[in-house]
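Biologist: I would like a close look at one part of this model. Please take it slowly, then connect it to the rest.

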Amino acid sequence: MGIITYKESGVDIDEGNKAVNLIKEKVKSTYNKNVIGDLGSFSGLYSLKDFLNMKEPVLLSSTDGVGTKLKIAQIMDIHDTVGIDLVAMCVNDLICQGAKPLFFLDYIATGKLKSGKINDIVSGIVKGCKQSGTALIGGETAEMPGMYNDDEYDLAGFSVGVCDKEKIITGNTVKEGDILIGISSSGVHSNGYSLIRKIFLDTLKWDLNKYVDEFGKTLGEILLTPTKIYVNIVMELLSKYNIKSISHITGGGVIENIPRVIPKNLGIKINKNSWEELDIFKVIKSLNLVETNELYRSFNMGIGLVLVVDKEEVDEILKFINAKEKAYVVGEVTNNKGVILC
């Protein structure tokens, strides 16, 4: 019986080292003055010195993944966008409570480590970190033969933000008559892809390389559009206006996410015709395969973030957002529990 190596069991340490060398400078490009130490330490260090002037600084954390959108990336063999999604899913949650995202960590698990693919994934994570002003201070790449097929991988992200306790957004001042402002999404974002695959791949038998006139690109390309990161616009809004509540429209869609950020004795009315519909959702609706309520409970339907604001400030806030993004009055808070979709 010969000597067995780790490589023969399916784990290639040399390929892992090659991946680290490829991503090292990209990761460092996200660093700011608060990052302490260097890539390769057993933990990431981040100084909070800049936030000592807060009355009571509170750390907020968020962790998430990209879900089955990864299946689309793996079939298309395009891996440089899902890293943006990974960052977006975490930092967009943090800003809902008023936190400024500080740093990010990633976890990549794969059946067979390929340094080029890891480089593509991390390139996307770096883009997302730069878009959100977040430092990528650590991560882990795990080669797990037997757990995943060679071309499969999964991603998980973790981010930490900070907010002065007295400025944390709780939604407890939301009242009847407050207005819902929706900021446009870039597409499906990173939720509802099991239903997306059921519609397009399983039921219609469309190929991801199918060119779709309505999209001006292939189905796979439109589905891999990265999740929009709202950090910069929200940080600006919070410095200028009284934003009572913020909802990131993720799993549960428009119908289930907005009620999470208002008092339990109140409800909402949403006018589904009040915003510009994105092409991907126009096509899905035109297929008549999914009931309307299910669509709005599964997808963001073109609205990625919802702000709850006082009626008196709506016009000014809308004007401010629309100088940078597309925003719409999409509904209002009611004194009846539940969601009215009209």
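Biologist: Where is the place of asparagine 288?

Modeller: This is a predicted model. Asparagine 288 sits in the loop between α9 (279-286) and α10 (292-298). Its backbone stands out: asparagine 288 has a positive phi of about 55°, although it is not a glycine. Most residues other than glycine have a negative phi. Asparagine 288 has a relative accessible area of 68%, over the 50% cut-off, so it counts as exposed.

Lysine 205 is not a glycine either, yet its phi is positive, about 60°. Its place is also a loop, the one between α5 (193-203) and β8 (211-212). Lysine 205 counts as exposed, at 64% relative accessibility.

Now the annotated span. An unreviewed UniProt entry lists residues 175-339 as "domain: PurM-like C-terminal". In the model, that span is 33% helix and 21% strand. The C-alpha atoms at its ends lie 15 Å apart.

Residue 175 brings us to charge pairing. Side chains of opposite charge can pair when their charged atoms come close. Lysine 175 forms a salt bridge with aspartate 178, with 3.2 Å between the closest N and O atoms.

The structure holds 19 salt bridges. Two more deserve a look. One joins lysine 28 and aspartate 38, whose closest N and O atoms are 3.6 Å apart. Lysine 28 lies in helix α1 (residues 13-28) and aspartate 38 in the loop between β1 (35-36) and β2 (45-46), so this pair ties together parts ten residues apart in sequence. Lysine 28 is partly exposed, at 28% relative accessible area. Aspartate 38 is partly exposed as well, at 40%.

The other joins aspartate 85 and lysine 69, with the closest N and O atoms 3.0 Å apart. Aspartate 85 belongs to helix α3 (residues 82-94) and lysine 69 to helix α2 (residues 69-76), so the bridge links parts 16 residues apart in sequence. Here aspartate 85 is buried, at 0% relative accessibility. Lysine 69 is buried too, also at 0%.

Note on methods
Residues numbered from 1 in each chain as written. Predicted model: local features only at pLDDT ≥ 70, side-chain atom pairs only at ≥ 80, totals over all residues. Heavy atoms only, no water. Helix = DSSP H or I, 4+ residues; strand = E, 2+ residues; numbered from the N terminus. Buried < 20%, exposed > 50% of the residue type's maximum accessible area, 1.4 Å probe, protein only. UniProt positions renumbered as here; feature names shortened; annotations may be inferred. Salt bridge = Lys/Arg side-chain N within 4 Å of Asp/Glu carboxyl O.
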